[in-house]
Amino acid sequence: MNTDPIADFLTRIRNASAANHRVVEIPASNLKREMTKILFDQGYILSYKFEENKTQGVIKIALKYDTLTKESVIRDIQRISKPGLRKYASSSEVPRILNGLGIAIISTSRGVMTGKQAQQHNVGGEVLCYVY
């Protein structure tokens, strides 16, 4: 049993990119699927695949690396809101990551979205993580 599945998701991606793995497998959930789609849309991962099995399902993520330096595109990925201390932001307080070079993933009443999308829709929510 995992007490913080989002932190486990982020840690698996962080560890796989640090070890220069091409693919990482993560147990699936609806929130993790939405976060994976955001990472793909923002260009932080190469591709993803949702595989269903009898119990939970698996997300296979192909990590993206720079062609010249062979370094991971994801420099850092941090969990912000934790089970013991939740962090919320209104639409006007959504943080900017590295002056707009990174993204904040936010869980809102309209679904999971980036910080910029939350500001455009004028909604706030729980700040899940920062990616840059």
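## How to read the values

Because the model is predicted, local features need pLDDT of at least 70 and side-chain atom pairs count only at pLDDT 80 or more, while totals for chains, interfaces and linings use all residues. Residues are numbered from 1 along each chain as its sequence is written, and side-chain values use heavy atoms, with hydrogens and water left out.

## The nonpolar cores

Let us start inside. A nonpolar core is a set of buried Ala, Val, Leu, Ile, Met, Phe, Trp, Tyr and Cys residues joined through side-chain atoms within 4.5 Å. Buried means under 20% relative accessible area, exposed means over 50%, and partly exposed lies in between (1.4 Å probe, protein chains only). The largest core here has 25 residues, and Met35, Ile61, Ile105 and Val131 touch the most other members. Two or more residues come from each of helix H1 (5-18), strand S1 (23-27), helix H2 (30-41), strand S3 (58-63), strand S6 (103-108) and strand S8 (125-131). H1 is the top contributor, giving five residues. These helices (H or I, at least four residues) and strands (E, at least two) are DSSP runs, numbered from the N terminus.

There is also a second, separate core of eleven residues, including Ile80, Ala89, Ala104 and Val127.

Which residues does Ile105 contact, leaving aside its neighbours within four places in sequence? With contact meaning heavy atoms within 4.5 Å, the partners of Ile105 include Met35, Ile38 and Leu39, as well as Val112, Met113, Val127 and Val131.

S6 pairs with strand S7 (residues 111-114) in the antiparallel sense, over four bridges; two strands pair if DSSP finds at least two bridges between them. Thr114 in S7 is the bridge partner of Ile105. A hairpin of two residues links S6 to S7.

## Helix H2

H2 has twelve residues and reaches 17 Å from its first C-alpha to its last, close to the 16 Å expected. That expected span is 1.5 Å times one less than the number of residues. Lys32, Arg33, Met35, Thr36, Ile38 and Leu39 are buried in H2. After H2 comes Gly43, with a positive phi near 85°.

## The aromatic cluster

Now for the rings. A pair of aromatic rings is described by the distance of the centres and the angle of the planes. Rings of Phe, Tyr and Trp (its six-membered ring) pair if their centres lie within 6.5 Å; planes under 30 degrees apart count as stacked, over 60 as edge-to-face and the rest as tilted. The structure holds two such pairs. Phe40 and Tyr48 are edge-to-face, at 5.3 Å centre to centre and 75° between the planes. Tyr48 and Phe50 have centres 5.1 Å apart and planes at 45°, so this pair is tilted.

Together, Phe40, Tyr48 and Phe50 form one aromatic cluster. Phe40 is partly exposed because its relative accessibility is 35%. Arg33 lies over the face of Phe50, at 5.2 Å from the ring centre; a charge sits over a ring if NZ of Lys or CZ of Arg is within 6 Å of the ring centre and within 35 degrees of the ring normal.

## Two loop residues with positive phi

Asn20 is not a glycine, although its phi is positive, about 60°. Asn20 is found in the loop between H1 and S1. Why does Asn20 count as partly exposed? Its relative accessibility is 47%.

Leu98, another residue other than glycine, has a positive phi near 50°. Leu98 is in the loop between strand S5 (88-89) and S6, and is partly exposed at 48% relative accessible area.
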